[in-house]
Amino acid sequence: MQIGLIGLGKMGGNMRDRLRNAGHDVVGYARDRDVSDVGSIAELVDGLVSPRAVWVMVPAGDATESVLTELAGLLSAGDIVVDGGNSRWTDDEKHAEELGRRGIGFVDVGVSGGVWGLKNGYALMVGGEKEYVDRLQPIFEALKPEGPYGYVQAGKVGAGHFAKMVHNGIEYAMMQAYAEGWELLEKADSVDHVREVFRSWQEGTVIRSWLLDLAVNALDDDPHLEKLRGWADDSGEGRWTVEAALDNAVPLPAITASLFARFSSRQDDSPQMKMIAALRNQFGGHAVESSK
């Protein structure tokens, strides 16, 4: 299948490679000419055969709005736009309506997998009309992990990004729990080998997970995380999860506390946030700040 891909960053670039490895024809565009296949979005659209499919993989907010607006003026009825970034689910219905007035389909996809997706595949949470989702199925099959899991049509437009938002809220809370446990182990006089304690949990325990594996990777590189400053950003999904919980009267004490902990990290050099920063760097290639 042929598809255009706008945004060739840490995830987008690897997604292009994974799709090409599966035999798909991908035309990629990025502002960085060294990695882009074409010189402009207009050139990308011109290089696709109708009916066209264009996957947008750029940061949420103004960047996504700008790209979707440009695509609306370039695409034709019968084409499909996929928003695979971390857009807020409340924007999806608006985008679907705006593109739909021109006869252009819209699908929102929450994508998880970080910098490991090229090798392991990407978990895909999809929202949209069945007609458009079905047409994109070969692309989803190539991107998802091998086996029966890692893909879901979560529901109508907006469901994909809503599911990914909740996924990221859970991720916040899980990372916070590992970070708190790590700090307590580091503080205890009786524990001599904190890294090895974490390593021992990788098999046979109920808290084993990929995040735990990544924590061990980080501790192998820096046993006491002394190279990192205890500071961690939040990319928006945690805040949106808490706001959605308020709108739906659903108590989320663990997720909410983990979000507030990140806010605290920007006030002091928090030991817990060193672990959060290390985990985010391990699974997503997110930036870290060096200790002074």
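Here are some friendly notes on the sheet, the cores and the aromatic rings of this predicted model.

1. Let's start with the sheet. Seven strands make up an open sheet, and their order across it is 2-1-3-4-5-6-7. The pairing is mixed. As background, strands of a sheet pair through backbone hydrogen bonds, either parallel or antiparallel.

2. Which strands stand at the edges? They are strand 2 (25-29) and strand 7 (151-155). Each has a single partner strand, so one side of each is left without a neighbour in the sheet. On average, neighbouring strands of this sheet are turned by 25° against each other, with direction ignored.

3. For a parallel pair, look at strand 3 and strand 4, which are joined over four bridges.

4. Next, find helix 8 (residues 159-187). This helix lies across strand 4, strand 5, strand 6 and strand 7. Its direction is at about 15° to strand 5.

5. Now for the inside. In soluble globular proteins, nonpolar side chains tend to be buried together. Here the largest nonpolar core has 26 residues, and those touching the most other members are Trp-55, Val-107, Val-109, Val-111, Leu-124, Phe-140 and Leu-143. Several elements each supply at least two residues of this core, including strand 1 (2-6), helix 1 (10-21) and strand 5 (105-112). Which helix gives the most to this core? It is helix 7, with four residues.

6. Leaving out residues up to four places away in sequence, Val-107 touches Ile-80, Val-81, Val-82, Asp-83, Val-126, Gly-127, Tyr-132, Val-133, Leu-136 and Phe-140. Apart from the core described above lies another one, of 24 residues, among them Ala-179, Leu-219, Leu-228 and Ile-276.

7. Finally, the aromatic rings. The count comes to six aromatic pairs.

8. Trp-55, Phe-140 and Tyr-151 form one aromatic cluster. Elsewhere, Arg-262 lies over the face of Tyr-172, at 3.7 Å from the ring centre.

Conventions
Residues numbered from 1 in each chain as written. Predicted model: local features only at pLDDT ≥ 70, side-chain atom pairs only at ≥ 80, totals over all residues. Heavy atoms only, no water. Core = buried A, V, L, I, M, F, W, Y, C linked by side-chain atoms within 4.5 Å. Buried < 20%, exposed > 50% of the residue type's maximum accessible area, 1.4 Å probe, protein only. Contact = heavy atoms within 4.5 Å. Phe/Tyr/Trp six-rings, centres within 6.5 Å; stacked < 30°, edge-to-face > 60°. Lys NZ or Arg CZ within 6 Å of the ring centre and 35° of its normal. Pairing = 2+ DSSP bridges. Axes fitted to C-alpha atoms, helices over the stretch in contact; angles between N-to-C directions.
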